[in-house]
Amino acid sequence: MTPFRLSLIALLTGALSGAGVALGMGWIDSLSRLFWGDPILEGLDRGLPLGWSLLICGSCGLILALLHRPGPTTLLPELRETLNDLNHPDQAQKRDEGRGLLGATLAQLGGGCIGPEALMSRMAALISQRIWRGRDQKLKAATVAGSLGMFGAPLLGGAVVGEAPQPNRRLELLDRWLPGTLGGLAGFAAFHGIGAASGGSLQRLPYIWPSTLGEDLGTLSAGVIGGLIGCGLGWLLLRWRGWLEQRQLLAQWPWWPVLTGLLLGACMHWLPLVPFDGEDQMRPLLEGQNSSGAWLLLVSALVKLLMLALCLETGWRGGVFFPLFLIACAMGTGLHLLLPDLGSLGSWCGALTGALYRCVLPGPFAVLVLGLALLQGHGAAGLLIGLCMAHLIRSHGSLDGGPPPRH
């Protein structure tokens with residue numbers, strides 16, 4: 001097959017898979033808004049009856065428990081596991097893809113504090129696999145890279161795929177990766193996926209640039225303190241999730257998803273920022289519409305961090321991009337309220353985002369691209385400070401990238 005024809009097929013395959021994932025995620029978003037309503041999704045409704053939230057989230061947990069009773073092959077793979085399957089197709093375990101996709105969709109609808117990128121990447125890989133029939137593994141990796149264009153960062157997919165561990169890091173850029181990535185982005189753009197989920201929460205937030213030495217020192221101080229706190233949050237997440245994974249909760253007791261659902265329902269009543277992926281909660285938080293006090297924001301960030309790991313290990317499967325971003329911004333907003341004269345809101349959120357992402361993602365370039373895309377230029381100095389601090393700590397300390405993918 002000629003390179004031109006191969007590139008053309010890669011482009012068309014990426015476009016079809018990108019369009020398919022955009023339609024799927026749009027359907028999930030529409031159902032969520034119809035089922036819950038905007039105030040609940042945005043974390044602004046504090047009048048939701050406790051019995052109602054417990055009933056709905058607990059019922060979703062019950063269905064998830066029944067879906068996943070056959071074993072771990074029914075669980076949706078996370079993004080790193082999907083990339084591992086693409087890079088090592090001969091080692092990929094057989095999975096019940098139907099149950100995995102259905103369970104992940106239900107977790108999104110039921111208030112699970114997990115992001116959409118794991119579901120998106122798996123859908124993109126499966127669609128391209130059906131079209132391409134495995135004749136070129138690089139194309140499926142390219143389609144996954146294109147699906148991550150949903151975050152509004154054309155380079156994000158390449159950064160994540162390129163920094164993923166693999167025996168041969170050389171990607172055939174012109175023949176496969178670039179056309180597949182562009183095709184995935186084209187599929188999302190055609191269905192407004194990029195505009196809907198690019199983290200547009202900071203579009204109306206005014207840019208604040210340091211103009212005096214005191215403001216420069218404040219930004220630097222906020223970046224350093226935020227970077228240290230972000231590293232601590234990343235360490236807590238990795239250790240907490242590693243401890244949960246060692247316990248094999250679902251294997252020991254199959255009804256863990258029900259208990260997780262009940263905890264999500266309770267959080268929905270008292271801590272409305274904890275459930276859901278955080279995408280819709282970001283704009284009200286950073287634009288001052290969320291009237292939560294500083295300590296409530298700090299508590300919400302910590303509880304969401306703990307619930308994120310618990311969801312992932314008890315059948316509420318998904319991703320970590322948006323939940324970690326909301327955790328960083330909720331923590332940053334709380335610290336900014338406590339220390340209003342030290343740095344700006346953007347510098348706090350940027351430093352926490354850079355440090356927290358660097359603790360859980362494989363490489364610094366993916367963190368930089370993802371952070372700049374989600375923050376949209378706000379707090380770039382804080383982002384770089386937090387990223388550098390976490391990179392140095394991770395390079396010279398015992399902090400690693402989390403538990404290894406399941407084989």
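The model shown in every close-up is predicted.

**View A. Helix 14 and what covers its buried residues.**
Here we look at helix 14, which spans residues 279-286. Its buried residues are Gln281, Met282, Pro284, Leu285 and Leu286. Which elements cover them? Included in the cover are helix 2 (38-41), helix 15 (294-313), helix 16 (321-338) and helix 17 (345-360). Follow the chain just past helix 14 and you come to glycine 288, whose phi is positive, at about 85°.

**View B. Phenylalanine 35 and tryptophan 36 as an aromatic pair.**
A pair of aromatic rings is described by the distance of the centres and the angle of the planes. The model holds 5 aromatic pairs by the rule used here. One of them joins phenylalanine 35 and tryptophan 36, with 5.1 Å from centre to centre and 90° between the planes. That makes the pair edge-to-face. Are the two partners buried or exposed? Phenylalanine 35 counts as partly exposed because its relative accessibility is 45%, and tryptophan 36 counts as buried because its value is 6%, under the 20% cut-off.

**View C. Tryptophan 36 paired with phenylalanine 276.**
Tryptophan 36 also forms an edge-to-face pair with phenylalanine 276, with centres 5.7 Å apart and planes at 80°. Where in the chain do the two partners of this pair sit? Tryptophan 36 belongs to helix 1 (residues 3-36), while phenylalanine 276 sits in the loop between helix 13 (256-270) and helix 14. The pair thus links distant parts of the chain, 240 residues apart. Phenylalanine 276 has a relative accessible area of 6%, so this residue is buried. Taken together, Phe35, Trp36 and Phe276 make up one aromatic cluster.

**View D. A nonpolar patch on the surface.**
Which helix gives the most to the patch? Helix 11 (residues 213-247) does, with 4 residues. Leucine 220 lies in this helix. Its relative accessible area is 43%, so leucine 220 is partly exposed, and this value passes the cut-off of over 30% that patch residues need.

Methods: Residues are numbered from 1 along each chain as its sequence is written. This is a predicted model: local features need pLDDT of at least 70, side-chain atom pairs count only at pLDDT 80 or more; totals for chains, interfaces and linings use all residues. Side-chain values use heavy atoms; hydrogens and water are left out. Patches are made of residues with over 30% relative accessible area and no salt bridge: like charges are joined within 9 Å, nonpolar side chains (Val, Leu, Ile, Met, Phe, Trp, Tyr) within 5 Å. Accessible areas come from the Shrake-Rupley method with a 1.4 Å probe; for residues, only the protein chains shown count as cover. A salt bridge is a side-chain nitrogen of Lys or Arg within 4 Å of a carboxyl oxygen of Asp or Glu. Helices (H or I, at least four residues) and strands (E, at least two) are DSSP runs, numbered from the N terminus. Buried means under 20% relative accessible area, exposed over 50%, partly exposed in between (1.4 Å probe, protein chains only). Contact means heavy atoms within 4.5 Å. Rings of Phe, Tyr and Trp (its six-membered ring) pair if their centres lie within 6.5 Å; planes under 30 degrees apart count as stacked, over 60 as edge-to-face and the rest as tilted.
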